[in-house]
Amino acid sequence: MYTYDAFDRTLVNERVAEFRDQVARRLSGELTEDEFKPLRLMNGVYLQLHAYMLRIALPYGTLSSEQMRVLAHVARRYDRGYGHFTTRQNIQFNWIKLSEMPDVLADLASAELHAMQTSGNCVRNITSDQWAGAAPDEVEDPRIWAEVLRQHSTLHPEFLFLPRKFKIAITASAHDRAATKVHDIGLRLYRNEAGEAGFEVSVGGGLGRTPFIGKVIRPFLAKRDFLSYIEAILRVYNQYGRRDNIYKARIKILVHELGAERFAQEVEAEWRTIKDGALALDPAVVADVAARFCYPRYQPLTDDPPEVAALRRTDSRFAAWLANSVANHKVAGYAIVTLSLKPEGEPPGDATAEQMDAVADLADRFSFSEIRVGHEQNLVLPHVAQRDLPEIWRALDRNGLATPNVGLVSDIIACPGLDYCSLANTRSIPVAQELTRRFRNPDLARDLGRLHINISGCINACGHHHVGHIGILGVEKNGEEFYQITLGGRADERAQLGELLGPAVPYAQVADVIEDIVAAYLELRERPDELFIDTVARVGIEPFKERVYAVH
Amino acid sequence: MPFIKAGRRVEDSFVRVRDDAPIPDEFPTLVSAERFLAASDEFADRGAPVGVIWPNNRNISELAPYLDRLALVALVFPTFRDGRAYSQARLLRERYGFRGEVRATGEVLRDQFLFLARAGFDAFEIKKESDAAAFAAALRRYSVVYQPAADQRASAFRRRFTEGVQHSDSTRTETVA
Amino acid sequence: MTSPLQQKLKITGPVVITANRLADGVVVYRGARDDWTTQIGEAAVATTAPAASELLAAAVAEDVLVVGPYVAPVALDPNGRSQPGNLRERIRVDGPTFDLPGHFGS
């Protein structure tokens, strides 16, 4: 992972000083809330139902054990002992006082953490594949490019007051674990026929009120042009994105209204005039950033060591966890371990300070001090020697981090919803909790296979419900909580939006309906290994509709 | 209202002239875009400097052919959250090479001074007295910038090579002034 | 529970003005003595749109004390004291509707 140099540290410290001054001027009344709100948003400070919420950036989902300990410290010292990992690889704390925010940011800065641009109408945290640098199917580490772009977009004077928020994601694997197709800019690093590595650039993806899948506007962008081309996109958006209506202000609306081809032409015209200027990327600049990425000194190990084989035979719980939560690493003898933050009955994506400390310790001992956060709100230890898996599993199990449900029906992605968020119409966490109880049986969950449920408490879609295999969207009807169900969404390289199943159902019936949908799948699937999403693709939603709405 | 140009608080020498009023010859005048474009040839012959107020929802490229007869381009922030003029300012400086005054008008507040300066603004019609007093301090808020802009400050990317501050094992306490 | 940030001022029952305290974000209600209280039962109740607007305007003017004031429905209990009038306001009084992780279960 990236380590700061003196420039990075200085900038973060200066940012803390600036925000301390801004908070003081707000508390004294020198700044009105209107003047202060965009400033605090650019430091990740939201006002929610009960309190302020602080969203801390975990750049491209990577953090060190030391950083995780500082997050645990923040949870204990300033909050209520826990934090929430988000669908954009950030962490949120829900109870911090505004008056203490500068101190929190100072503590974070000492560990090279910050909350810059995690909200506001600016370029947000650039997200990536949580398996970057470890996945076998990766072209190169996309996080190097995410870091180059993070720096370029940080306090970029031209783009801090965009029409609306701007989200960028980057992947370097054929299998897209970063949901790039539903981002304002999606970047896919790949090799062309000539063997050259470059980027496929998509724009205009996004969820919310008007969801869109991103459109490719440039099939191959050379590395040299990485910054200048993105600058051109941002400049076109800054000038022509709508400012009259916040629901039509994202770049996806501009791309839709102009058409992808015309939009691409506008970008090209702008880009042609700047591509050979100061933003032409010298490979030495990229190499310099890459040099500050630390990679593990792997030992020469072999796959499937005897410790693992033995325990797998004798301990069915270990075997279940191994089969579910451990993935292949690009280096022989190593593994990528996912830590489920979705235990039965708990709010999805939350971790206590104790759990954070436990993960930090395990990272130090077993993962070269490196931890990842995925957009599905789970954690990852990316570089674990396979022979250490038994010991890691026991420790994770003790800490409630070894539920073998990664990617399964009870691995639910949910936004905070009405229990926390002032934008929400309905609650989402209790719906998720009930679903984890209904599907607690690990044999059933395993039999159902990969099945992504996404829950959003309002149309802003922070739970990414549009791209869930089963999507659940809370709506308000006559003061009561109702939920719309969609089927067939996908967030990966075959991204598509889910289809509405039928009329919204009341809160008390949601779990029953999901059980009916799952029962329908079991009935309709061609064979046990046909995934839910593939059954939906094959038979459409009508058969599901019939079964669900016949009963209700 | 307070006016700052080239980092110092001064009297604004430009006079805003309404669309229906005659243009005086003796002092610098600031006119609307419509008026200027309708009679740009006339303005070329004026003795005194001419400035135009260019709206933020109009392409700055339309003004490009006339920049040689303008001493001032005033750009507009209807609210400080509307950031279109940042792009307009950068284009004026970096694409069209405009060397006259680029002025920020509208809702111009202290926490944006540095970004405005980096984008190429060198004059500011400032809403609040207290902000004007803090102008110099605001520009010094950040000693490190990551990206090139209109102000020619060296980006961190460039400084890493010219100043040799790099390496992942450097001491944790070092910072640059 | 349509977010009140999108509400038009339309009074169909008793309402109070609620906001969050600027410095710490704690939920507060405008009291009868032009003060702010953390107890919903002590909030000033309005029953007409003009009365609510007046309370709201006064709250908005106190930018240095509270942020995000808005009109929230209440239900009056048999003693005439305010109780939260919808789920959102119930959550703002009681906190999230589940046990918080770790030591701070509700």
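Two strands count as paired when DSSP finds at least two bridges between them. Strands themselves are DSSP runs of E with at least two residues, helices are runs of H or I with at least four, and both are numbered from the N terminus. With that in hand, take Tyr46(A): its bridge partner in S2(A) is Met53(A).

Before going on, some housekeeping. This is a predicted model, where local features need pLDDT of at least 70 and side-chain atom pairs count only at pLDDT 80 or more, while totals for chains, interfaces and linings use all residues. Residues are numbered from 1 along each chain as its sequence is written, chains are lettered from A and ligands numbered from 1 in the order written, and side-chain values use heavy atoms, with hydrogens and water left out.

Back to the strands. S1(A) and strand S2 (residues 52–56) of chain A run antiparallel and are joined by three bridges. They belong to an open sheet of five strands in chain A, ordered S1-S2-S5-S4-S13 with antiparallel pairing. At the edges sit S1 (45–47) and S13 (350–352) of chain A, each pairing on one side only. Ignoring direction, neighbouring strands of this sheet are turned by 30° against each other on average.

Two helices pack on the sheet. Helix H2 (residues 33–41) of chain A touches S1 and S2 of chain A, and its direction makes about 125° with that of S1(A). Helix H4 (residues 101–109) of chain A touches S1, S2 and strand S5 (91–96) of chain A, at about 20° to the direction of S2(A). Axes here are lines fitted to C-alpha atoms, for helices over the stretch in contact, and angles run from 0 to 180 degrees between N-to-C directions; contact means heavy atoms within 4.5 Å.

Now for how the chains meet. Two pairs of chains touch, and A and B have the most contacts: 54 residues of chain A are in contact with 45 residues of chain B. About 4500 Å² is buried between chain A and chain B, with carbon and sulfur atoms giving 54% of that. On the chain A side, Phe7(A), Pro157(A) and Phe161(A) lose the most area to chain B, together 18% of what that side buries. Buried area is the accessible area (1.4 Å probe) that two parts lose on being put together, summed over both. Chain B and chain C, by contrast, have no contact joining them, and their closest C-alpha atoms lie 18 Å apart.
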